[in-house]
Amino acid sequence: MSEVKCIGILTSGGDAPGMNAAIRAVTRSAIYHGLQVKGIYRGYKGLVTGEIKEFKSQNVSNIIQQGGTILKTARCKEFRTPEGRKLAYENMKKEGIDALIVIGGDGSLTGALQFAKEFDVPCIGLPGTIDNDLYGTDSTIGYDTALNTILDCVDKIRDTATSHERLFFVEVMGRDAGFLALNSAIAGGCEAAIIPEFATEVDQLEEFIKNGFRKSKNSSIVIVAESELTGGAMHYAERVKNEYPQYDVRVTILGHLQRGGSPTAHDRILASRLGAAAIDALLEGQRNVMVGIKNDQVVYVPFSRAIKYEKNIDRQLVDVLRNLSI
Ligand code: ADP
């Protein structure tokens with residue numbers, strides 16, 4: 001196994017608050033350990049086109065508090081092809097990069113695994129997604145910030161919902177995972193969450209109505225996870241209009257504002273710990289793993305596991321939400 005002297009770092013897929021804190025941590029930690037760092041722009045696209053620049057400590061100054069990613073992010077079709085990945089490898093070699101740090105979601109880690117298999121390039125992944133849908137880590141970079149952003153909006157919607165005695169469906173992101181929806185519903189004191197994990201099990205709208213909608217309340221907020229499986233907030237609003245026309249129903253789709261903003265303390269600390277752990281992993285000779293945190297301990301999860309397994313929703317949380325919304 002050859003020694004790693006120069007690392008390349010990129011952010012890929014959907015952006016998430018805290019990615020900058022992760023870029024900073026990886027860069028500074030690598031420099032601290034005597035490694036050279038190169039920033040790769042626009043995810044795998046920059047690797048394919050050679051959009052790469054040397055990073056010194058100053059390049060990551062004053063970014064820990066910024067949302068988004070200074071390296072930009074993109075989705076790259078070419079990297080899905082063997083020819084594209086060959087170009088990426090050639091650019092890596094040209095730049096003298098001998099290991100890759102990839103910050104992104106499920107798709108980005110799948111790409112890293114494919115690349116590492118074909119070219120024997122050491123890759124380390126950091127879980128960066130607001131959806132929290134990566135197996136092997138309790139939390140992903142960006143999730144806590146998005147959750148708090150949603151909460152802020154829900155609190156505001158509650159004011160108008162209560163004043164007008166309305167039923168609100170609030171649609172949140174999650175990409176086929178209900179973590180944001182379920183936990184924002186608990187934290188926002190909402191009446192229910194409609195999540196993809198249960199979409200085929202029960203009629204979640206029926207459950208909500210059956211469990212005493214408006215028995216003792218003058219407003220209700222139901223969080224709906226955006227997903228083909230749930231059908232989204234509009235679908236439920238339509239259903240209520242048709243099936244329960246006595247209710248005054250409104251929809252709010254939070255959309256991209258959930259991705260932005262300054263990362264919370266939790267996400268900055270998580271990103272800093274994971275960034276440092278990624279360099280430790282490389283120096284220890286770890287290859288093709290995602291660094292995560294489980295029970296407050298750093299863990300290394302092979303890409304194959306992180307990608308293959310689904311992170312399950314804790315069913316106790318569903319009970320907590322239901323029991324507290326009486
Ligand atoms: P996320 O990382 O947020 O899940 P995507 O699923 O869009 O985002 O993946 C980001 C990028 O990772 C894709 O645009 C592509 O370049 C790369 N990628 C994803 N899946 C693969 C794959 N099977 N093979 C090669 N590259 C992939």
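Helices (H or I, at least four residues) and strands (E, at least two) are DSSP runs, numbered from the N terminus. The structure described here is a predicted model, in which local features need pLDDT of at least 70 and side-chain atom pairs count only at pLDDT 80 or more, while totals for chains, interfaces and linings use all residues. Residues are numbered from 1 along each chain as its sequence is written, and side-chain values use heavy atoms, with hydrogens and water left out.

The largest share of the shell around the ligand comes from helix α4 (residues 106-119), which supplies five residues. A residue is near a molecule or strand if one of its heavy atoms lies within 4 Å of it. There are 16 residues around the ligand, and R75, C76, G107, S108 and R175 come nearest. By residue class, the shell consists of three nonpolar, eight polar and five charged residues. In this division, Ala, Val, Leu, Ile, Met, Phe, Trp, Tyr, Cys and Pro count as nonpolar, Asp, Glu, Lys and Arg as charged, and the others, Gly among them, as polar.

An N or O atom in the side chain of S108 is 2.5 Å from a ligand oxygen atom. A backbone N or O atom of G105 lies 3.0 Å from an oxygen atom of the ligand, and a polar backbone atom of D106 is 3.4 Å from an oxygen atom of the ligand. Of the 560 Å² of accessible area that the ligand has on its own, the protein covers 87%. Accessible areas come from the Shrake-Rupley method with a 1.4 Å probe; for residues, only the protein chains shown count as cover.

The space taken by the ligand is the largest pocket. On a 1 Å grid over the protein atoms alone, a pocket is an open set of points with protein on both sides within 12 Å along at least five of seven lines, whereas a cavity is a set of points where a 1.4 Å probe fits but cannot get out; lining residues have an atom within 4 Å of a point. A molecule sits in a cavity or pocket if more than half of its atoms lie within 2 Å of its grid points.

Individual residues were then classed by accessibility. Buried means under 20% relative accessible area, exposed over 50%, and partly exposed in between (1.4 Å probe, protein chains only). V291 lies in strand β10 (residues 289-294) and counts as buried because its relative accessibility is 0%. The C-alpha atoms of V291 and K210 are 43 Å apart in space, and the two residues are 81 residues apart in sequence. T140, in the loop between β5 (123-127) and α5, is buried because its relative accessible area is 0%. T140 is 124 residues from A16 in sequence, with a C-alpha to C-alpha distance of 9.3 Å.

With 14% relative accessibility, R166 counts as buried. The side chain of R166 makes a polar contact with the side chain of D248 (3.0 Å). A polar contact is a pair of N or O atoms within 3.5 Å; within protein, one must be able to donate a hydrogen and the other to accept it, and residues adjacent in sequence count only if both atoms are side-chain atoms.

Within helix α5 itself, C153 is buried, with a relative accessible area of 16%. C153 and G188 are separated by 35 residues in sequence and by 9.4 Å in space, C-alpha to C-alpha. D155 also lies in helix α5, but D155 is partly exposed because its relative accessible area is 41%. The C-alpha atoms of D155 and I279 are separated by 40 Å, and these residues are 124 residues apart along the chain.

Positive phi values were found in loops. K72, in the loop between β3 (52-55) and α3 (82-94), has a positive phi of about 65° although K72 is not a glycine. At 42% relative accessibility, K72 counts as partly exposed. D296, which is likewise not a glycine, has a positive phi near 65°. The loop between β10 and β11 (297-302) holds D296, and D296 counts as exposed because its relative accessibility is 53%.
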